[in-house]
Amino acid sequence: MVKMLMACVSGISSQQFANHLNEAAKKRGLEVSCEACSIDHVASKVNSFDVLLLGPIANNTIKDLETTINNTAAIVELSLDDFNILNIDAILDKGLAAAQ
């Protein structure tokens, strides 16, 4: 089971993405669990995920997040293009690749 955490500044859009990612993984027969939170809550979830999917607006916090998760998970910075057009399959593939 690959555990992903989708994080954005407020956590609102990340919840929508997490729902879509879980649906896409299920359709593809993949064992993936994706949760969501705001950037402020990532620290409370350290060690509970394999991959941190980071919304593009939150990318300016990458250095702080690298320190916070301390190599316990891979970080995938989502592109503005994938984020804006809800390119769920591409995002899921990037998360799975990072978990390898």
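Lys3 has its place in strand β1, which spans residues 2-8. Strands here are DSSP runs of E with at least two residues, helices are runs of H or I with at least four residues, and both are numbered from the N terminus. This is a predicted model, in which local features need pLDDT of at least 70 and side-chain atom pairs count only at pLDDT 80 or more, while totals for chains, interfaces and linings use all residues. Residues are numbered from 1 along each chain as its sequence is written, and side-chain values use heavy atoms, leaving out hydrogens and water.

Lys3 is partly exposed, with a relative accessible area of 41%. On this scale, buried means under 20% relative accessible area, exposed means over 50%, and partly exposed lies in between (1.4 Å probe, protein chains only). Not counting residues up to four places away in sequence, Lys3 touches Ser33, Ser48, Phe49, Asp50 and Val51; contact here means heavy atoms within 4.5 Å. Ser48 is 45 residues from Lys3 along the chain, and the C-alpha atoms of the two are separated by 7.4 Å.

## A buried leucine: Leu53

Now to strand β3 (residues 51-54), where Leu53 lies. Leu53 counts as buried, at 0% relative accessibility. Leaving aside residues up to four places away in sequence, its contacts include Met4, Leu5, Met6 and Ala7, along with Leu21, Val76 and Ile91. Leu53 and Ser13 are 40 residues apart in sequence, and their C-alpha atoms are 12 Å apart in space.

Next come helix α1 (residues 12-27) and helix α4 (residues 88-99), whose axes come within 10 Å and cross at roughly 80 degrees. The axes are lines fitted to C-alpha atoms, for helices over the stretch in contact, with angles from 0 to 180 degrees between N-to-C directions. Angles under 35 degrees count as roughly parallel, over 145 as roughly antiparallel, 65 to 115 as roughly perpendicular and the rest as oblique; α1 and α4 are therefore roughly perpendicular to each other.

On the α1 side, the contact is made by Phe17, His20, Leu21, Ala24 and Ala25, and on the α4 side by Ile88, Asp89, Ile91 and Leu92. By class, this contact has seven nonpolar, one polar and one charged residues. Ala, Val, Leu, Ile, Met, Phe, Trp, Tyr, Cys and Pro count as nonpolar, Asp, Glu, Lys and Arg as charged, and the others, Gly among them, as polar.

## Polar side chains under cover

Asp82 has its place in helix α3 (residues 80-84) and is buried, with a relative accessible area of 8%. A polar contact of 2.4 Å joins its side chain to that of Lys94. A polar contact is a pair of N or O atoms within 3.5 Å; within protein, one must be able to donate a hydrogen and the other to accept it, and residues adjacent in sequence count only if both atoms are side-chain atoms. Besides Lys94, Asp82 touches Asn87, Ala90 and Ile91, not counting residues up to four places away in sequence.

Ser38 lies in strand β2 (residues 32-38) and is buried too, with a relative accessible area of 9%. The side chains of Ser38 and His41 make a polar contact of 2.8 Å.

## Cysteines without partners

How many disulfides does a search of the whole structure find? The search finds zero, a disulfide being a pair of cysteine sulfur atoms within 2.5 Å. For Cys34, the nearest cysteine sulfur is that of Cys37, 9.8 Å away. Cys34 is buried, with a relative accessible area of 6%. For Cys37, the nearest cysteine sulfur is that of Cys8, 8.3 Å away.
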